[in-house]
Amino acid sequence: MKALCRLIDRFCQTHRNFGISKLMIYVVILSGLVYFFGNGMNLIEFLAFHPGYIMRGEIWRLVTWVFIPINAGFALSDMLFTLIALYFYYFIGSALEREWGKGKFTIYYLFGMALHVVFGFIVWFILNATYGTVGGVMYYGYLFLIPMYLNLSMFFAFAALFPDFTIRLMLIIPIKMKWAALINAGFFLLNIIAYMASGNFILAVLPLVALLNFALICGSDLLSNLRPMKYKASHQVVNFKKAAKQAKRDIENKSYRHKCAVCGKTDTDSPELDFRYCSKCNGYHCFCAEHINNHIHFE
C-alpha cells in the first residue's frame, strides 16, 4: 500500500496537468440529471453496465454506470435522500481534491471505477450472464455496478485524513468523521449481510471492491493516523527542532529564509507565498502553500 501511494504521489508530481479538475461536480450533476430524467427517457437501460453490449462496441457503458442513481423513486423522501447524498458526495469529493490535488483524486476515482468494471467482466465471463438490482427492481441481463459504494468509500478516505473533522449527520447532529466512518462501515457490513441472506452473493462483493480501492490508495494514511499519539507527537517535535536549527543556519548562509523543496521558490523571490514545514517528512523540509499537501514525504 505504501509503495503504491508513493508511486501515485511521484506520478502526480511529475505530471502536474494530469487529472480532471472539479471531477466530483461533473459526477454529481450528471447523476442528478439521470435521476430526474432517466426513467422517462429510458436512460438507465442505455447507460447501464453490460459486458455483452460493451463487447459489441457500446463502450460508453464502461463509464456511464457511475451516473445511475441507486434510488429511482420520486417520492418526497426519495428526492430528499438523493439530494442529500449528492451533496455529501460533492462535499467529500471536493475536499479530497483540494487536499490531494486533482491528479491523485482522479486516480482514486478512476481506479475505483476500473476495479468495479474488472469485477463485472469477471462475473460475466464466469456466469455467462449478468444481473443486479437498482432501487429494488430486477433487470434481467444487466449487472448494475452500483456507484454508491465507490462514492461512500470517499468518506473513509476523508476520515483517514481528517478524523476529527465534524459534520452534521442528517444536517442536524454533529459528529466527528472518525465516528461517521464507523457508521459507514456498519452500513457496508449490513448491506453485505443482506445481499448474502437474499442469495445475491455477487452484489455482496461490490462493497468489498470499493473498500479495496480505499485500502490500496489510502491505506498508508489510515495506518499513519492509527499510530500511537505519543510516537507521532515525539516524531513531530524532533522534526520541528531540527527544522528550527537548520533554518537558523540557512539564514546565516543564504539570502532567503524559506525554500520550497518541490518547486524551489523562496520567500525572497516570491514574498507573497506562505511557507510551511512538513511534520511527516524525515528531516528539515520546507514547502510552499501549493505543495505542503501535495508532495512525497521524505524518509
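Predicted model: local features only at pLDDT ≥ 70, side-chain atom pairs only at ≥ 80, totals over all residues.
# Reading helices, a loop and a cavity

Reader: How should I read the phi of Lys22, which is not a glycine?

Author: Start from the general idea: most residues other than glycine have a negative phi. Lys22, by contrast, has a positive phi of about 60 degrees. Its place is the loop between α1 (2-14) and α2.

Reader: At what angle do the axes of α2 and α7 cross?

Author: Helix α2 (residues 23-37) and helix α7 (residues 102-127) have axes that cross at roughly 40 degrees and come within 10 Å. Angles under 35 degrees count as roughly parallel and those from 65 to 115 as roughly perpendicular, so α2 is oblique to α7.

Reader: Which residues meet where α2 and α7 are in contact?

Author: From α2 come Leu23, Met24 and Val27, and they meet Phe105, Thr106 and Tyr109 of α7. By class, the residues of this contact are five nonpolar, one polar and no charged.

Reader: How many cavities of 30 Å³ or more are there?

Author: The count is three cavities of 30 Å³ or more. The largest cavity holds about 170 Å³ of space. It is lined by 15 residues, and those closest to its centre are Pro69, Ile70, Ala85, Leu86 and Tyr89.

Reader: Which helices each supply at least two residues of that lining?

Author: Helices α6 and α8 (147-161) each supply at least two residues to the lining of the largest cavity. The largest share, five residues, comes from α6.

Reader: How does the lining of the largest cavity divide by class?

Author: The lining has eleven nonpolar, four polar and no charged residues.

Methods
Residues numbered from 1 in each chain as written. Heavy atoms only, no water. Axes fitted to C-alpha atoms, helices over the stretch in contact; angles between N-to-C directions. Helix = DSSP H or I, 4+ residues; strand = E, 2+ residues; numbered from the N terminus. Parallel < 35°, antiparallel > 145°, perpendicular 65-115°, else oblique. Contact = heavy atoms within 4.5 Å. Nonpolar A, V, L, I, M, F, W, Y, C, P; charged D, E, K, R; others polar. 1 Å grid on protein atoms, 1.4 Å probe; cavity = no way out; pocket = protein on both sides within 12 Å on 5 of 7 lines; lining within 4 Å. Points joined across faces, edges and corners; volume = space filled by probe spheres on them.
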